[in-house]
Amino acid sequence: MKRSEFIQSTALWTAGSVSSIHAMAFNQNLVSNDMDKLVDAQGNYILQNLPYQESFLEPYMDAETVHLHYTFHHGGAVKGANKDLQMIKKALDENNLETVDFWTKKLTLHFSSHILHSIFWTNLTNKKLSPTGDLLNRIEKSFGSLDRMLALLAETSKNLDGNGWGILAYQPYSNSLVVLQCENHEKLTQWGCIPLLVIDVWEHAYYLKYKNKRADFVDTMFQIINWDNVAQRLSNALKLTQ
């Protein structure tokens, strides 16, 4: 393979493989609203409808925040990812790769945002649930107890510098659950981890209702976690990695 062909192939893999791998994983997640179908048949990124009305999470999360967050922040990430992908394809078509690294980095940011937000909406409900079965067993094995895991995830989310996420993920290489602190949408993550539960601590997720009290927002989110969705994500992660 010529050097130019190798560069083009590498750029296409960078732009497309993350999409195909995660789209495959999320398409297998059995949620009735199809929220995890992140691309259409042509490979364009798409924003699915919320799995509930914007007022569904009241009073824990206000309807105005849900509307702005979903429409403009999540929606903006989807639009950004599509533009990034178009610009990468344009650079390849014109055999001009001088700016492809810029657009690849932008795609990493925007598509990671799309993935995490898609998980975030389905991770929430409007009532208190508890983890059971294999999910609870794995939490206890990895962290000692549910309370210990929640305490770790809470502190990880609350104490993040700037914007980002707290994440509970399945790490197939160690066959364990891990808690991660993610800056922005893509930094400080682990290779190979599959997110199961995500806590959005960008200010746009909570500022209208909770002002600067991020800790209060995180504590409130723990009251409305859809543990059934988390358990389903774990089940699908295990199927994908076995």
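Helices (DSSP runs of H or I with at least four residues) and strands (DSSP runs of E with at least two) are numbered here from the N terminus. By this definition, S176 is found in strand β2. The structure is a predicted model, in which local features need pLDDT of at least 70, side-chain atom pairs count only at pLDDT 80 or more, and totals for chains, interfaces and linings use all residues. Residues are numbered from 1 along each chain as its sequence is written, and side-chain values use heavy atoms, with hydrogens and water left out.

**The sheet**

An open sheet is formed by 3 strands in the order β2-β1-β3, with antiparallel pairing; two strands pair if DSSP finds at least two bridges between them. Its edge strands, each pairing on one side only, are β2 (176–183) and β3 (194–200). Neighbouring strands of this sheet are turned on average by 20 degrees against each other, direction ignored. Strand β1 (residues 164–171) is joined to β3 by 6 bridges. Within this antiparallel pair, G166 has I199 in β3 as its bridge partner.

**Helix α5 and its neighbours**

Helix α5 lies across β1, β2 and β3 and runs at about 15 degrees to β2. Axes are lines fitted to C-alpha atoms, for helices over the stretch in contact, and angles run from 0 to 180 degrees between N-to-C directions. Helix α5 (residues 146–158) also packs with helix α7 (residues 214–221) at an angle of about 145 degrees, and their axes are 9 Å apart. In this pairing, A154, S157 and K158 of α5 meet R214, A215, V218 and D219 of α7, where contact means heavy atoms within 4.5 Å. By class, the contact of α5 with α7 has 3 nonpolar, 1 polar and 3 charged residues. Here Ala, Val, Leu, Ile, Met, Phe, Trp, Tyr, Cys and Pro count as nonpolar, Asp, Glu, Lys and Arg as charged, and the others, Gly among them, as polar.

**Two residues**

Buried means under 20% relative accessible area, exposed over 50%, and partly exposed in between (1.4 Å probe, protein chains only).

| Residue | Relative accessibility | Class |
|---|---|---|
| S176 | 19% | buried |
| T108 | 37% | partly exposed |

S176 touches S142, A169, Y170 and Q171, not counting residues up to four places away in sequence. T108 is found in helix α3 (residues 100–122). The side chain of T108 reaches the backbone oxygen of T104 at 3.0 Å.

How values were computed. A polar contact is a pair of N or O atoms within 3.5 Å; within protein, one must be able to donate a hydrogen and the other to accept it, and residues adjacent in sequence count only if both atoms are side-chain atoms.
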